[in-house]
Amino acid sequence: MISPRAGNIPQPLTSCPVCTTVLIIAELGGRERLVCEVCEFVHWDNPKPVTATLVPTDSGIVLVKRKFEPYVGDWCLPGGFMEASEEPEESAQREVFEETGLNVEIDRLLGAYSPGKGINVIILFYLAKMASGSMVAGDDASEVDTFQKEALPVNVAFELHRRMIGQFFEGFPS
């Protein structure tokens, strides 16, 4: 069995995935990129789409405790990478269910953000309403719980998650 952590360490691309020739660095489109001189493959290194969802309940906002690195043991919004051919809202709903056991209805997209700092993802933040299910930690969450503003854990893993949680408790613009 492959460990769930096995794919988390990015490996630098050194050879062409099409023809196996060693890649070179060349300027293309105003940036340095890895390219193949033989088959003209270009490694664009586009960001991967991620969803994260704010799920308010009567007892507070739903957070999950991370089971794996990065930030194992810290809390965050339920979320993760979109699957191939998956709609963003479907990804948000699937990730919430996989990590919390809750079925949600997406209310709206709150925004799309890049965390910067060499983290090559675009995070789509959603606001959702709980539809059904019972909270149970699953997938890559070791715990799931709800928190009111005054009881938020100090160890919320990601700066953008902390920002979105803060905006939620301050009241989003409608």
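Visitor: What share of the contacts in the protein chain with a separation of 6 or more comes from residues 24 or more positions apart?
Guide: In this predicted model, such residues account for 58% of those contacts. A contact here needs heavy atoms within 4.5 Å.

Visitor: What makes up the secondary structure of the protein chain?
Guide: Two helices and 11 strands. Along the sequence the pattern reads β-β-β-β-β-β-β-β-α-β-β-β-α. The C-alpha trace spans about 60 × 40 × 30 Å along its principal axes.

Visitor: How much of the protein chain is buried?
Guide: Buried residues are 37% of the 174. The chain exposes about 10500 Å², and carbon and sulfur atoms supply 52% of that area.

Visitor: Why are strand 8 and strand 9 said to stand at the edges of their sheet?
Guide: Start with the order. The sheet is open, has four strands, and runs 8-4-10-9 with mixed pairing. Strand 8 (79–81) and strand 9 (102–113) each have a single partner strand, so one side of each lacks a neighbour in the sheet. On average, neighbouring strands here are turned by 25° against each other, direction ignored.

Visitor: What makes strand 4 and strand 8 a pair?
Guide: The criterion is at least two bridges. Strand 4 (residues 48–54) and strand 8 have three bridges and run antiparallel, so they count as paired. Opposite Thr-51 stands Gly-80 of strand 8.

Visitor: What does helix 1 touch when it packs on the sheet?
Guide: Helix 1 (residues 88–100) touches strand 4, strand 8, strand 9 and strand 10 (121–133). The direction of helix 1 makes about 125° with that of strand 9. Helix 2 (residues 159–170) packs on the sheet too, touching strand 4, strand 9 and strand 10. Its direction makes about 50° with that of strand 10.

Visitor: How do you know that the span of helix 1 agrees with what it should be?
Guide: Helix 1 has 13 residues, and at 1.5 Å a residue these should span 18 Å. The end C-alpha atoms are 18 Å apart, so the two values agree. Just after helix 1, Gly-101 takes a positive phi of about 80°.

Visitor: Which residues of helix 1 are buried?
Guide: Ser-91, Ala-92, Arg-94, Glu-95, Val-96, Glu-99 and Thr-100. Each is therefore under 20% relative accessible area. Their cover includes strand 4, strand 6, strand 8, strand 9, strand 10 and strand 11 (141–147).

Visitor: Why is Glu-83 called partly exposed?
Guide: Its relative accessible area is 48%. Buried needs under 20% and exposed needs over 50%, so a value in between is partly exposed. Glu-83 is found in the loop between strand 8 and helix 1.

Visitor: What makes strand 6 mostly covered?
Guide: Seven of its seven residues are buried.

Visitor: Which strands pair with strand 6, and how do you know?
Guide: Apply the cut-off of at least two bridges. Strand 5 (residues 56–57) is joined to strand 6 by two bridges. Strand 7 (residues 75–76) also has two bridges to strand 6. Strand 11 has six.

Visitor: Which members of the largest nonpolar core touch the most other members?
Guide: Leu-54, Leu-77, Leu-110, Ile-123 and Phe-125, in a core of 19 residues. Strand 4, strand 6 (60–66), strand 10 and helix 2 each give two or more residues to this core. A second, separate core has 16 residues, including Val-64, Met-82, Ile-106 and Tyr-126.

Visitor: What is Phe-125 in contact with, leaving aside neighbours within four places in sequence?
Guide: Among them are Ala-52, Leu-77, Leu-110, Tyr-113, Leu-160 and Met-164.

How values were computed. Residues numbered from 1 in each chain as written. Predicted model: local features only at pLDDT ≥ 70, side-chain atom pairs only at ≥ 80, totals over all residues. Heavy atoms only, no water. Axes fitted to C-alpha atoms, helices over the stretch in contact; angles between N-to-C directions. Core = buried A, V, L, I, M, F, W, Y, C linked by side-chain atoms within 4.5 Å. Buried < 20%, exposed > 50% of the residue type's maximum accessible area, 1.4 Å probe, protein only. Expected span 1.5 Å × (residues − 1). Areas by Shrake-Rupley, 256 points an atom, 1.4 Å probe, with all protein chains shown as cover.
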